[in-house]
Amino acid sequence: VHGMIYRLSGGMTKPRANSAGGLQKQRAIRCPIIANGEVTLEHHAKTAGQSLRAGQNARMPTIWVNEKFGVYSDIGDADDGAAFAKRVSLAAQDQYGTALPAFVRQVISHREKALAMAETLRRRIEATIAGTDIEALGNVERRVLDGFVNIAIAGELAVRYKVLPLERGAPTDAVAYVFAQWLASSQQAAQDPMLAPLTDLREFFKTHAHEFPDFQSWEDCKKTSPGYARTNSTHGPHFLVHVGYFKNVLCKECGVELGVAALRAANLLIEQKKGRQLLV
């Protein structure tokens, strides 16, 4: 999951060979990539036994698909959802491959004017999309905001070039609405009481992992050592920790109940039966 995020959001095209066997020149890409929230990146990471860092969430923010009509807030003058879906499908088939080339041609034809207009739009709409004092946003939030501002600018330029049949300001309003959803979910997650225990536990294992001798057998679990690590497992590193050590050291600050709940919520706590299957 981590590798996928970095490859998609690294800002460079994929390295490819040329006819002579060397590498083609890589091109820079400045295009935000957004997950649709049907299956979150966090869920994908947990399934793979990983956890997401704030920077990775910023590289590919998740936008929940939870509007009244799927990704749509309303269906205009359509009779029902089915009629609206059919209209969208037919329009997509008819216009597929039309809007983006037309937009790119317009930007290239008016390059200097487009750049100047983009900067003017950025100064005008950034605060509108943020919906709050930009100085109050954290580094991760500002990074995500920058991506959304770029989307809004592209939309506003497309309207001015008559590529999109919308009124001026409509793309900015839509992007501001979606960014507000992301910001609310991000701030709610930051207040999750389970985040602190997970952060503390991760830092503990980063600092003390070398103190855990290699796992040899389940009989060694009866010894008084804090725990055992099997770093050569195909499933990644696993730590076997005595109950007393877990209670008195790992969960000393957060408490056992919250520590267990946090690990289970992150899919990081493995019961003994499954552990035996992994460490054979």
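The structure is a predicted model, in which local features need pLDDT of at least 70 and side-chain atom pairs count only at pLDDT 80 or more, whereas totals for chains, interfaces and linings use all residues. Residues are numbered from 1 along each chain as its sequence is written, and side-chain values use heavy atoms, with hydrogens and water left out. The secondary structure comes to 12 helices and 2 strands, where helices (H or I, at least four residues) and strands (E, at least two) are DSSP runs numbered from the N terminus.

**Overall make-up**

- Read from the N terminus, the elements follow the order α-α-α-α-α-α-α-α-α-β-β-α-α-α.
- Of the 280 residues in the protein, 30% are buried, a class that means under 20% relative accessible area, with exposed meaning over 50% and partly exposed in between (1.4 Å probe, protein chains only).
- Among contacts with a separation of 6 or more, 57% are made by residues 24 or more positions apart, contact being defined as heavy atoms within 4.5 Å.

**Packing of helix 6 and helix 7**

- Two packed helices are described by the angle between their axes and the distance between the axes.
- The axes of helix 6 and helix 7 come within 9 Å of each other and cross at roughly 125°; such axes are lines fitted to C-alpha atoms, for helices over the stretch in contact, and angles run from 0 to 180 degrees between N-to-C directions.
- Helix 6 and helix 7 are therefore oblique to each other, given that angles under 35 degrees count as roughly parallel, over 145 as roughly antiparallel, 65 to 115 as roughly perpendicular and the rest as oblique.
- Their crossing is right-handed, the term used if the near helix is turned clockwise from the far one by less than a right angle, and left-handed if anticlockwise.
- The residues that make this contact include Leu 121, Arg 122, Ile 125 and Ile 129 of helix 6, together with Leu 145, Phe 148, Ile 153 and Arg 160 of helix 7.
- By class, the residues of the contact divide into 13 nonpolar, 1 polar and 6 charged, where Ala, Val, Leu, Ile, Met, Phe, Trp, Tyr, Cys and Pro count as nonpolar, Asp, Glu, Lys and Arg as charged, and the others, Gly among them, as polar.

**Packing around helix 9**

- Helix 9 (residues 195-208) packs against helix 10 (residues 243-250) at an angle of about 110°, with the axes 12 Å apart, and the two helices are therefore roughly perpendicular.
- In this pair the crossing is right-handed, and the contact is made by Leu 201, Phe 204 and Phe 205 of helix 9 with Tyr 245, Val 249 and Leu 250 of helix 10.
- The contact of helix 9 with helix 10 has 6 nonpolar residues, no polar and no charged.
- Helix 9 and helix 11 have axes that come within 9 Å and cross at roughly 85°, which makes helix 9 roughly perpendicular to helix 11.
- Here Pro 197, Leu 198 and Leu 201 of helix 9 meet Leu 258, Ala 262 and Leu 263 of helix 11, and the residues of this contact are again divided into 6 nonpolar, no polar and no charged.

**Nonpolar cores**

- The largest nonpolar core has 28 residues, and those with the most contacts inside it are Ile 129, Leu 145, Phe 148, Ile 153, Leu 157 and Phe 179; a nonpolar core is a set of buried Ala, Val, Leu, Ile, Met, Phe, Trp, Tyr and Cys residues joined through side-chain atoms within 4.5 Å.
- Helix 5 (99-109), helix 6 (111-130), helix 7 (139-160) and helix 8 (170-190) are the elements that give two or more residues to this core, and helix 7 provides the largest share, 8 residues.
- Leaving aside neighbours within four places in sequence, Ile 129 is in contact with residues including Leu 145, Val 149, Thr 172, Val 175 and Phe 179.
- Another core, of 12 residues, lies apart from the largest one and has Tyr 245, Leu 250, Ala 262 and Leu 263 among its members.

**Individual residues**

- Asn 139, placed in helix 7, counts as exposed at 69% relative accessibility, and Asn 139 and Ala 58 are 9.4 Å apart, C-alpha to C-alpha, although 81 residues apart in sequence.
- Lys 162, in the loop between helix 7 and helix 8, has a positive phi of about 60° although it is not a glycine, and counts as exposed at 75% relative accessibility.
- Ala 265 lies in helix 11 (residues 256-265) and counts as partly exposed at 39% relative accessibility, while the C-alpha atoms of Ala 265 and Leu 198, 67 residues apart along the chain, are separated by 9.9 Å.
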